[in-house]
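Hello,

Here is the structure we spoke of handing over. Please load it first; notes on the contacts follow.

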Amino acid sequence: MCMCRCSSVLFVSSAVGLALERLIMCASVKYGSRGPALIPRMKTKHRIYYITLFSVVLLGLIATGMFQFWPHSIESSAEWSLDRRSVHDAPLVRIPMSSPIPERGDLSCRMHTCFDVYRCGYNPKNKIKVFIYPLQRFVDEVGVPISSTGLSREYNDLLSAISDSDFYTDDVTRACLFIPSIDVLNQNSLRIRETAQALAMLPRWDKGMNHLLFNMLPGGPPDYNTALDVPRDRALLAGGGFSTWTYRQGYDVSIPVYSPLSAEVDLPERQPGPRRYFILSSQTAIHREYRVELERLKEENGEALLLLDKCSNLSQDLASVRKRCYKGQVYDYPQILQESSFCVVLRGARLGQATLSDVLQAGCVPVIMADSYILPFSEVLDWKRASVVIPEEKLPEMYTILKSIPHRQVEEMQRQARWFWEAYFSSMKAIGMTTLQIINDRIYPYAARTYEEWNNPSVVKWSSVNSPLFLPLIPPRSPGFTAVVLTYDRIESLFRVITEISKVPSLAKLLVVWNNQNKSPPEESLWPKVTVPLKVVRTKENKLSNRFFPFDEIETEAVLAIDDDIIMLTSDELQFGYEVWREFPDRLVGYPGRLHLWDHEMGKWKYESEWTNEVSMVLTGAAFYHKYFNYLYTYKMPGDIKNWVDAHMNCEDIAMNFLVANITGKAPIKVTPRKKFKCPECTAIDGLSLDQTHMVERSECINKFASVFGTMPLKVVEHRADPVLYKDDFPEKLKSFPNIGSL
Amino acid sequence: MQAKKRYLILFSAGVCLILLFYLQGPASRRTPNRGDDPHPHWPHFSDPLRAFIPWDQTETEDYNVRVSPRHKRDDNSGAYKCRMDSCFDFSLCGSNGFKVYVYPQQKGEKISESYRNILSSIESSRFYTSDPGQACLFVLNLDTLDRDQLSPQYVHNLKTKIQNLNLWNNGRNHLIFNLYSGTWPDYTEDLGFEIGQAMLAKASISTENFRPDFDISIPLFSKDHPRTGGDRGYLKYNTIPPFRKYVLVFKGKRYLTGIGSDTRNALHHVHNAEDVVLLTTCKHGKDWQKHKDARCDKDNAEYDRYDYKEMLHNSTFCLVPRGRRLGSFRFLEALQAACVPVMLSNGWELPFSEIIDWHTAAVIGDERLLLQIPSTVRSIHQDRILSLRQQTQFLWEAYFSSVEKIVLTTLEIIQDRVLQHNARSTLMWNRLPGGLFTLPQFSSYLGDFPFFYSVLGKQAISVEMIVVRAGFTASDVLTMFLYQIIVLWNCDKPLPAKHRWPATSVPVIVIEGESKVMSSRFLPYDNIRTDAVLSLDEDTVLSTTEVDFAFTVWQIFPERIVGYPARSHFWDSNKERWGYTSKWTNDYSMVLTGAAFYHRYYNYLYTQYLPGSLKSMVDQLSNCEDILMNFLVSAVTKMPPIKVTQKKQYKETMMGQTSRASRWADPDHFAQRQMCMNKFASWFGTMPLVHSQMRLDPVLFKDQVSILRKKYRDIERL
């Protein structure tokens, strides 16, 4: 096979070479008279040879470029010729009368008994491979096709969507899931026995193992079974209208009945809220007993209900599908659905109703009354958030039940309904992809999509927070905390800080981050003697981010970030800070607080360090936080914030505050009254102007970060934490943290 | 020239090779598309295709002529396996709500410890009724837990005993608990008697036998499993990075033959004695020597080298392979130890699978892919490990830590089915504080609970109201956040005349308590419209500033009680009981509800969740209602309440004048509260209160800065 290809390619290249050679010969004839300008001292014969060679090389390079950079264009143009294929060109397959019929579906089938997981194997992408059988036209012995519609538009859409997706493979040997091209979406158009025989004739059928059938309209008159009647061995069934008795939980997939209106009508999303009607019923084929009951409800509640039916006075044609009537008044369907808060979806002959899709599209909350119906994609979708399921028996109580639902919940359901439609119902592609994703999640459960990913519309995904430290846990005091001191070369002050911190009872370890590459840290003997382990880490670059690196040396959960010049904090203040952190391990716990404000004149955020009544950030010149946030800062900081901080040598604390507030949705905690790290006299020397540039720069950081985060995550609070007996009239000796209070 | 030629040939050959390489390279990458395969992708057919459903058939009309759908529904009942629709009589639950009847225990009937625990858990729950006429669900007095014929606990003649029950009715609305079924060699799931239409709450149930939304899968628990309370999870820290000493561990029996032996026999292939430690022993049963194979001695020696507890606590993942039956004790052990369970039990319907999203707390493996398990668990990202681990702890404490929780969860699941559209949503079950504390009857809307603000991305609402109890003087606590005032007139004196009431800008609603008992202060009155409730005693003196500040704090912590005076508890090791103290201490664990903010949901929870016995005790003593509320809220949140700053006169005024003050001075009063604490702790099965060492003050509280700068300046003025 390989040899064969090589030779064919060789042939192509030599053929091209020949053609070019001739072209260049002509050219060289022209230039020949002028003499050897380009390549002197060489015979014409050779020159031609060389030019030919160079052209071949050039051509080769161009061809390479073409293949490298426009592979798709080449491919699609190749396919374009296939594009004009007709369904009628598909090969005809005659089914012998005696061809075997598969067994009826086995109700006890589960993934671990009827599905061959070895075919899916282990792959790093955790994605199953799906193979689609090429289209064939099956006919019986006398030439009658097995299906009256043949390949339907919807099934064709579904298959081409799968074929265009990441799931698709055209290599049958690598496939994990097989999809027949035999269209069984609508059982009514099928000849059951022959369809079953056709399935069994598929080359990889193997008792239906790993085969997936899509069916939306199961059963037929008079019984209307709730699952496809075609015998199908062990094949998985993605069916619309399963009942709890036919649905094999964890094996079959319940899918919606696709509504063709979805493609035709564009209903813009409406804001959730109260609508003109409270309840709307738009189905035309409602059992007369139920219609009587609905009419009774209408009598009782009047205008709140709108009960629509077919239009008897209009001609029965394609357009009549889009009209509904009430007492001679004509309404446009499905537009009218948008005028109601709740829309009734009653069972028909089948449990699955295409109306459900229309209702969801309209952002109307479906009231589903179909006992024992397995709702579409119920394995992953939380229908309680988008619908109301009422037993058929309780139809007369529908109005009271719906009235008891809080308004805000109805609004959320309206939004959720629309989102379900957009994500999972809107097209055959959406339905197909969701089905495959569900099966994929079963095969690679450890990489499955989460409840939130399935159910939260993007608005909620955006605004809700899932704190990574969600368990309410007050860690024990005993492990203590690790103090991380970032230093450059202020050794004297550093040593004082170390001596001071070492007095804090819960200090477990001291980690000095030596950020000066030009100078070595002092000798071991020169360091102050402390009772806890002291480690010095040398960094490769002088970056502010180094202070937030999740060093392996930090073995405690709690980290105290502290600058090498902060000597004012008392041991009581630090110990108390640690105690508060234990109560709020998912927050930043710091001393001086800062605030962000919206500057209306400038139309942007402003940084505030004045004596405010509010706090939205704490300085990390001395702050307790969970080591997880170090990891987050170093590896998960959005955008280029980290580089910005390192480049500007400022705002690392603001970045940390943004990060923590964004992921937890919580404000930091300011402890103790402390407002400044340094004594007021010391800062006075710096002068006002320096202070002002500082403020401008900090404000700039806030604006920059807010734009990177796409929102302002900081939360403002008006409280700070003090010891229980702070400033109380109580003997200082008996207070746990007496030495708190200096500013 | 010769050389030139040679070079030329060489050169051209090189060029050809390069060309070949380039041309073939991309081609081979797309090999399958070309060559003999006729359909690289699904072709785009140009001819018009028909819709799968003709336009005139979108709704099937012939349904209308058929029999009544009601009849069709009834037809279902006998034909298939049971479902709620077909085998459960909802009408029994209609009028009286969800009540559970336990058949009275008969003399001489042997009942195991575990089953006794189950029954007493039901009997002490709020669902219990002793009147079968009111019951919606029936629980047997016959021990059905162990249906292994070879077991000493096996109850004989169960079949006839059950048939003789007067209310059996073919098992309709009955719930049967079972832990073990079947016996060697095939371990079927047959209970040895006809269960009829009864629901099964069964351990180790397989997906094939499981009747979805009808049966309930419960975890296998040992006879030592505590009845109430239960130990907390072992997780104390969230270490970063979240890896522990071992990646994956298992220690257990190995079955040499028979059902369930395949997986455990194969474990040694994965064992590497370093970070994946899977140990098995053949030493179990009387005649293990007879069956032993070549590996047994080596395995047994390795098995004895490791301590199970040590492994459990130091491993990131714990393997939970099937035993003879599908479930094993390893599951709950791993869950409690915050060791993420790796399930290796094909076809096991996981415990409470109806409501618990196990993907968030466990790794579900496939027995057939045992060899892939190590690489699978190693590929799990550390962020995910962190969240899986925390979720194991949440689930353990919410649903599994005691027999009572397992039983209550079972009952609540059934109640949810009865409630239908009012049932809890997946979020309520899978988020803190869990389904047992989230009562769906309160509201079906998540935003009405204080726990889901962050999930919904919602801010707390900024309206509040005040409940003043018994009398009024509190007219000066009007704040801008106030929505309305409700006065509970709990005293025997008649209501004062209308003109004597102070004029207020918000509505005042007076409710005359009928029973005049303490618990009525926590009744979930319909008049309470706002999320925040400020509960006040009539003698409380608070300034507007203090209330405003406390309210802003409550908005940040809506799930906790935010109050002023605080109290503390301690363990009195001499007397072996809990002590109560009202002294000024450096920490606290309760705040008094004589002046406190809390979410109105706690009124509902207090009234509905707590048993009658505790509430009536409070009413009789006219005391301890605040302690009980603190117990409840801390049990829900696992967090301390929050004390905010106040002017220091509160305590003194309370001690000062009124009738109530004398109560505080009474030594009996104090002894009562001590007793309450211990009673409550024993009902909760554990001490839910948590200490806090901090108080929340306004940011500029008592700072040496101009008072004009301060927002809450009145708090500092005495």
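**Between the chains**

Arg720(A) and Asp703(B) form a salt bridge, with the closest N and O atoms 3.5 Å apart. A salt bridge here is a side-chain nitrogen of Lys or Arg within 4 Å of a carboxyl oxygen of Asp or Glu.

Some ground rules. This is a predicted model: local features need pLDDT of at least 70, side-chain atom pairs count only at pLDDT 80 or more, and totals for chains, interfaces and linings use all residues. Residues are numbered from 1 along each chain as its sequence is written, chains are lettered from A and ligands numbered from 1 in the order in which they are written, and side-chain values use heavy atoms, with hydrogens and water left out.

Back to the interface. The count between chain A and chain B is seven salt bridges. It is 55 for residue pairs in polar contact, both residues at pLDDT 80 or more. A polar contact is a pair of N or O atoms within 3.5 Å; within protein, one must be able to donate a hydrogen and the other to accept it, and residues adjacent in sequence count only if both atoms are side-chain atoms. On the chain A side, helix α2 (residues 44-69) gives the largest share, eleven residues. Helices (H or I, at least four residues) and strands (E, at least two) are DSSP runs, numbered from the N terminus. By class, the chain A side that touches chain B has 82 nonpolar, 39 polar and 51 charged residues. Ala, Val, Leu, Ile, Met, Phe, Trp, Tyr, Cys and Pro count as nonpolar, Asp, Glu, Lys and Arg as charged, and the others, Gly among them, as polar.

Now the extent. 172 residues of chain A are in contact (heavy atoms within 4.5 Å) with 149 residues of chain B. The two chains bury about 14600 Å² between them, and carbon and sulfur atoms give 57% of that. Buried area is the accessible area (1.4 Å probe) that two parts lose on being put together, summed over both.

The chains also share strand pairing. Strand β25 (residues 719-723) of chain A runs antiparallel to strand β24 (residues 694-698) of chain B, joined by five bridges. Two strands pair if DSSP finds at least two bridges between them. Pro723(A) stands opposite Met694(B) in β24(B).

Over all chains, the search finds 62 salt bridges. One of them links Arg431(B) and Glu452(A), at 2.6 Å from N to O. Arg431(B) lies in the loop between α15 (426-430) and α16 (453-456) of chain B, and Glu452(A) in helix α13 (residues 451-455) of chain A, so the pair joins two chains.

**Inside chain A**

Chain A is divided into domain 1 (260-426) and domain 2 (481-721). The bounds come from an automatic or database domain assignment. Taken over C-alpha atoms, the centres of these domains of chain A are separated by 56 Å.

Chain A has an open sheet of five strands, ordered β9-β8-β12-β13-β14, with parallel pairing. Its edge strands are β9 (305-307) and β14 (388-389), and each pairs on one side only. Two bridges join β13 (residues 365-369) to β14(A). In that pair, Val367(A) has Val388(A) as its bridge partner.

**Inside chain B**

The assignment for chain B gives domain 1 (81-217), domain 2 (246-401) and domain 3 (463-650 + 662-696). The C-alpha centres of domain 1 and domain 2 of chain B lie 30 Å apart. Their contact takes 18 residues from domain 1 and 14 residues from domain 2.

These two domains of chain B bury about 1300 Å² between them, 52% of it on carbon and sulfur atoms. In domain 1, Tyr187(B), Ser204(B) and Ser217(B) lose the most area to domain 2, together 39% of what that side buries.

Which residues form a salt bridge here? Asp148(B) forms one with Arg325(B), the closest N and O atoms being 3.1 Å apart. Across the interface of domain 1 and domain 2 of chain B there are also eight residue pairs in polar contact, both at pLDDT 80 or more.

Chain B has an open sheet too: five strands in the order β10-β9-β11-β12-β13, with parallel pairing. β10 (276-281) and β13 (363-364) of chain B stand at the edges with a single partner strand each, so one side of each is left without a neighbour in the sheet. Strands β9 (residues 246-253) and β11 (residues 315-321) of chain B pair in the parallel sense over three bridges. There, Val249(B) stands opposite Cys318(B) in β11(B).

Best wishes
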